[in-house]
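Please read them with the sequence and the structure open.

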Amino acid sequence: MAESITGGCLCGKIRYEISQPVQNIIACHCTNCQKASGSGMSHNTLIPSAAFKLTSGQPKIFADTANSGNKLYRAFCGDCGSPIYSQREKMPEMMVVKVGTLDTSDAMKLAMNIWTKSVRPWLHLAPDVEHYPENRPVKT
Ligand SMILES: [Zn+2]
Ligand SMILES: [Zn+2]
């Protein structure tokens, strides 16, 4: 059995487990992620929601409106403010976990930059990584 990946918020009230390996990091430079993270971007990894389990605490949910006009639920710790994950209203079977909340992410790699049309000008973008000005193309 594969070992679980664990993570949690800054204050430790929220803890979670992911029951499958995670590898690819998607850096999102949309202005909503900049505000929500308090940083230049958000580092996300996409997983099936079924692989995610809260083991402690209950996040607060902010119903954000994405650039697409669709609802995006942003889950964060109501005590310390750490963003934990987000989920699209129209795609509840998938979720993105905020990579900075993982206990370890040493084996992961940055795979993609999205919404680079709103990248902060002082941020260096690695040239050897895929870039998309808006959302990533849907792969079928
Ligand atoms: Zn917390
Ligand atoms: Zn974003």
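How much space lies in the largest pocket?

1. Basis. This is a predicted model, in which local features need pLDDT of at least 70 and side-chain atom pairs count only at pLDDT 80 or more, while totals for chains, interfaces and linings use all residues. Residues are numbered from 1 along each chain as its sequence is written, chains are lettered from A and ligands numbered from 1 in the order in which they are written, and side-chain values use heavy atoms, with hydrogens and water left out.

2. Pocket volume. The largest pocket holds about 710 Å³ of space. On a 1 Å grid over the protein atoms alone, a pocket is an open set of points where a 1.4 Å probe fits, with protein on both sides within 12 Å along at least five of seven lines; lining residues have an atom within 4 Å of a point. Grid points are joined across faces, edges and corners, and the volume is the space filled by probe spheres set on the points.

3. Pocket lining. The largest pocket is lined by 29 residues, of which L72, R88, V96, I114 and N135 are the closest to its centre. By class, the lining has 15 nonpolar, 8 polar and 6 charged residues. Here Ala, Val, Leu, Ile, Met, Phe, Trp, Tyr, Cys and Pro count as nonpolar, Asp, Glu, Lys and Arg as charged, and the others, Gly among them, as polar.

4. Elements at the pocket. At least two lining residues come from each of β3 (24-28), α1 (31-37), β4 (42-48), β7, β8 and β9 (94-98). Helices (H or I, at least four residues) and strands (E, at least two) are DSSP runs numbered from the N terminus. β9 gives the largest share of the lining, 4 residues. This strand is largely enclosed by the rest of the structure, because 4 of its 5 residues are buried. Buried means under 20% relative accessible area, exposed over 50%, and partly exposed in between (1.4 Å probe, protein chains only).

5. Sheet. An open sheet of 8 strands runs in the order β6-β7-β8-β9-β4-β3-β10-β11, with mixed pairing. Its edge strands, each pairing on one side only, are β6 (60-65) and β11. Two strands pair if DSSP finds at least two bridges between them.

6. Pairings within the sheet. β7 and β8 run antiparallel and are joined by 5 bridges; Y73 has Q87 in β8 as its bridge partner. β8 and β9 are also antiparallel, with 2 bridges, and form a hairpin with 5 residues between them. In that pairing Y85 stands opposite V97 in β9. β4 and β9 pair in the antiparallel sense over 5 bridges, and I47 has M95 in β9 as its bridge partner.

7. Metal site. Which residues coordinate the zinc ion (ligand 2)? The donors are C28 (SG), C30 (SG) and C33 (SG), at 2.1 to 2.3 Å, spaced in sequence as C-x1-C-x2-C. Donors are N, O and S atoms within 2.8 Å of the metal (3.2 Å for Na, K and Ca); water is not among the atoms, so sites may look incomplete. C30 counts as buried at 6% relative accessibility, and C33 is buried at 5%.

8. Salt bridges. How many salt bridges does a search of the whole structure find? The search finds 5, a salt bridge being a side-chain nitrogen of Lys or Arg within 4 Å of a carboxyl oxygen of Asp or Glu. Three of these are described in the next points.

9. K13 and D79. The closest N and O atoms of this salt bridge are 3.5 Å apart. The pair links distant parts of the chain, 66 residues apart: K13 is in the loop between β1 (5-8) and β2 (15-18), and D79 in the loop between β7 (71-76) and β8 (83-88). K13 counts as partly exposed at 46% relative accessibility, whereas D79 counts as exposed at 55%.

10. K53 and E17. These residues form a salt bridge with the closest N and O atoms 4.0 Å apart. K53 in strand β5 (residues 52-56) and E17 in strand β2 are 36 residues apart. K53 is partly exposed at 47% relative accessibility, and E17 is partly exposed at 28%.

11. K117 and E134. In this salt bridge the closest N and O atoms are 2.6 Å apart. K117 lies in the loop between β10 (109-114) and β11 (130-131), and E134 in the segment after β11, 17 residues apart. K117 is exposed at 56% relative accessibility, while E134 is partly exposed at 38%.
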